Amino acid sequence: MEYKSKVYIFLDDQVVPVGEFETPVRFELDTRKLVDGKHTLKIVGKDPVGNEGIKHIPFIVRNGPAIAIEGLKDNDIIDGIQPIMINAYGKGNQTQFLIDGSETPTSIPSWLWAGLIVFFGWAVYYVLTS
């Protein structure tokens with residue numbers, strides 16, 4: 001008789017395992033049933049003698065739409081009126097590409113404005129002095 005090790009797979013703080021398998025095992029974790037955010041996969045392995053090993057694997061689920069915010073960052077100090085742009089876009093059904101809302105529009109960076117002002121200032125100077 002062949003003795004194999006077993007693994008017990010737990011999700012977050014659950015007491016009942018998601019699965020109990022003899023090793024080696026291939027396991028598909030369906031994250032569509034999980035809420036977005038931080039989760040932990042706990043794997044408990046038992047050898048034929050009864051010794052146990054535990055491994056915790058933290059992961060983050062993001063099945064919902066991605067949310068992009070421009071104009072406000074974590075822990076910003078702001079006052080007055082602050083313009084904020086918010087965009088949320090999902091992956092769709094993954095069989096066709098959704099162009100609407102798949103990119104977050106952003107404002108023109110300040111370094112680009114500064115570069116354009118310097119370039120046009122130099123161009124005016126060059127034209128007037130030549």
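Let's start with a strand pair. β1 and β3 (residues 37-46) pair in the antiparallel sense, over six bridges. Pairing here requires that DSSP finds at least two bridges between two strands. In this pair, Leu 11 stands opposite Leu 41 in β3.

Before going on, the ground rules. This is a predicted model, so local features need pLDDT of at least 70 and side-chain atom pairs count only at pLDDT 80 or more, while totals for chains, interfaces and linings use all residues. Residues are numbered from 1 along each chain as its sequence is written, and side-chain values use heavy atoms, with hydrogens and water left out.

Now the layout. The protein has one helix and six strands. From the N terminus, the order is β-β-β-β-β-β-α. Helices (H or I, at least four residues) and strands (E, at least two) are DSSP runs, numbered from the N terminus.

Back to β3. It also runs antiparallel to β4, with 10 bridges joining the two. Gly 37 stands opposite Val 61 in β4. The hairpin of β3 and β4 has five residues between the strands, and Gly 50 there takes a positive phi near 115°.

Next, the core. Which residues make up the largest nonpolar core? There are six: Ile 9, Leu 11, Leu 34, Leu 41, Phe 59 and Val 61. By nonpolar core I mean a set of buried Ala, Val, Leu, Ile, Met, Phe, Trp, Tyr and Cys residues joined through side-chain atoms within 4.5 Å. Buried is under 20% relative accessible area, exposed is over 50%, and partly exposed is in between (1.4 Å probe, protein chains only).

Take Ile 9. Leave aside its neighbours within four places in sequence, and Ile 9 is in contact with Pro 17, Val 18, Gly 19, Phe 21, Phe 27, Leu 41 and Lys 42. Contact means heavy atoms within 4.5 Å.

On to charges. How many salt bridges does the structure hold? Three. The cut-off is a side-chain nitrogen of Lys or Arg within 4 Å of a carboxyl oxygen of Asp or Glu.

One is Glu 20 with Lys 6, the closest N and O atoms being 3.4 Å apart. Glu 20 lies in strand β2 (residues 19-22) and Lys 6 in β1, so the pair ties together parts that are 14 residues apart in sequence. Glu 20 is partly exposed, at 45% relative accessibility. Lys 6 is also partly exposed, at 30%.

Another is Asp 30 with Arg 32, at 2.8 Å between the closest N and O atoms. Asp 30 is partly exposed at 28%, but Arg 32 is exposed at 70%.

Then there is Glu 52 with Lys 46, at 3.5 Å, N to O. Lys 46 is partly exposed, at 30% relative accessibility.

Now the other end of the chain. An unreviewed UniProt entry places a "transmembrane region" at residues 110-128. UniProt positions follow the numbering used here, feature names are shortened, and annotations may be inferred rather than shown by experiment. In the model, that span is 100% helix and 0% strand, and its end C-alpha atoms lie 27 Å apart.

Last, the totals. Buried residues make up 12% of the 130 residues. Of the contacts with a separation of 6 or more, 34% are between residues 24 or more positions apart. The accessible surface comes to about 11300 Å², and 59% of that belongs to carbon and sulfur atoms. Areas come from the Shrake-Rupley method with a 1.4 Å probe; for residues, only the protein chains shown count as cover.
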